[in-house]
Amino acid sequence: MDYIEQRMGQEAAKPTPEVQTIATPINFILLSLFVFTLYYQLRPKKVAALPPAPPPTVFQTFTPPTLQPFNGTNGKPIYFAVRGRVFDVSTGRNFYGPGGPYENFAGRDASRGLAHGSFDEDMLTKDLEGPLDDLKDLDADQRESLRGWEERFEEKYLVVGKLVAVGDKEAEDAKA
Ligand SMILES: *[C@@H]1O[C@H](CO)[C@@H](O)[C@H](O)[C@H]1NC(C)=O
């Protein structure tokens, strides 16, 4: 074989210097890293679906007289009590606020009225300083009706405290 021909054959078999430079293992690793980083940046991100946190509420102890001011007439929230639990019904202002169909309940123990399906004054405990309405005289239907209301309120409104009678030990502790 001719010398020149032999040289050209060797030359053709070798990769060109340029190709050799690009195809180094280091470059392959760098490219892999780059692609991975790009994927990592652009991948669809899973955002943890947290339910909205309820606004922080201090759990308070009320008596009928301390609950009464929360009747919507003075810029305060609107509360009422059902079987000893105080609900914040401010978002239901159209119903429970001044001029609403259930305004009598605002700032009061609404238990008896709800059980009877009546929004009359005489459903409310008259003596705010006296014992809470024990509701012992309610019949089965009235109890069931009251329970139904409670379930609706539990879904819609926050419980912000409890109602106890004036002079109750818990009321005294809360005052202290
Ligand atoms: C509402 O609360 C105010 C005190 O903030 C009181 O003077 C008023 O008598 C209350 N209204 C009713 C209907 O209880």
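**Ligand shell and sheet of the predicted model**

The shell around the ligand is made up of one nonpolar residue, four polar residues and no charged residue. The model is predicted. The surrounding residues are Gln68, Pro69, Asn71, Thr73 and Asn74.

For Asn71, a side-chain N or O atom lies 2.3 Å from an oxygen atom of the ligand. For Asn74, the corresponding distance to a ligand oxygen is 2.4 Å. Gln68 places a polar side-chain atom 3.2 Å from an oxygen atom of the ligand. Each of these pairs falls within the 3.5 Å cut-off for a polar contact. Taken alone, the ligand exposes 360 Å². The protein buries 44% of that area.

The strands come next. Four of them form an open sheet in the order S1-S4-S3-S2. The pairing is mixed. Strand S1 (60-62) and strand S2 (79-82) are the edge strands, and each pairs on one side only. From one strand to the next, the twist averages 40°.

The parallel part of the sheet involves S1 and S4, which are joined by three bridges. In this pair, Phe62 stands opposite Leu163 of S4.

S3 and S4 pair in the antiparallel sense. Strand S4 covers residues 158-163, and four bridges connect S3 to S4. Val86 faces Gly161 of S4 across this pairing. Asp88 stands opposite Leu158 in S4. Asp88 is also the bridge partner of Tyr79, with Asp88 lying in S3.

S2 and strand S3 (residues 85-88) are likewise antiparallel, again with four bridges. Phe80 stands opposite Phe87 of S3. In a regular strand, side chains alternate between the two faces of the sheet. S2 and S3 form a hairpin with two residues between them. Arg83 sits in the turn and has a positive phi of about 45°.

Arg83 also takes part in a charged contact. Side chains of opposite charge can pair when their charged atoms come close. Arg83 forms a salt bridge with Glu150, and the closest N and O atoms are 2.9 Å apart. Arg83 belongs to the loop between S2 and S3, whereas Glu150 belongs to helix H7 (residues 140-156), so the pair ties together parts that are 67 residues apart in sequence. In total, the structure holds 11 salt bridges.

Definitions and conventions. Residues are numbered from 1 along each chain as its sequence is written. This is a predicted model: local features need pLDDT of at least 70, side-chain atom pairs count only at pLDDT 80 or more; totals for chains, interfaces and linings use all residues. Side-chain values use heavy atoms; hydrogens and water are left out. A residue is near a molecule or strand if one of its heavy atoms lies within 4 Å of it. A polar contact is a pair of N or O atoms within 3.5 Å; within protein, one must be able to donate a hydrogen and the other to accept it, and residues adjacent in sequence count only if both atoms are side-chain atoms. Accessible areas come from the Shrake-Rupley method with a 1.4 Å probe; for residues, only the protein chains shown count as cover. Ala, Val, Leu, Ile, Met, Phe, Trp, Tyr, Cys and Pro count as nonpolar, Asp, Glu, Lys and Arg as charged, and the others, Gly among them, as polar. Two strands pair if DSSP finds at least two bridges between them. Axes are lines fitted to C-alpha atoms, for helices over the stretch in contact, and angles run from 0 to 180 degrees between N-to-C directions. A salt bridge is a side-chain nitrogen of Lys or Arg within 4 Å of a carboxyl oxygen of Asp or Glu.
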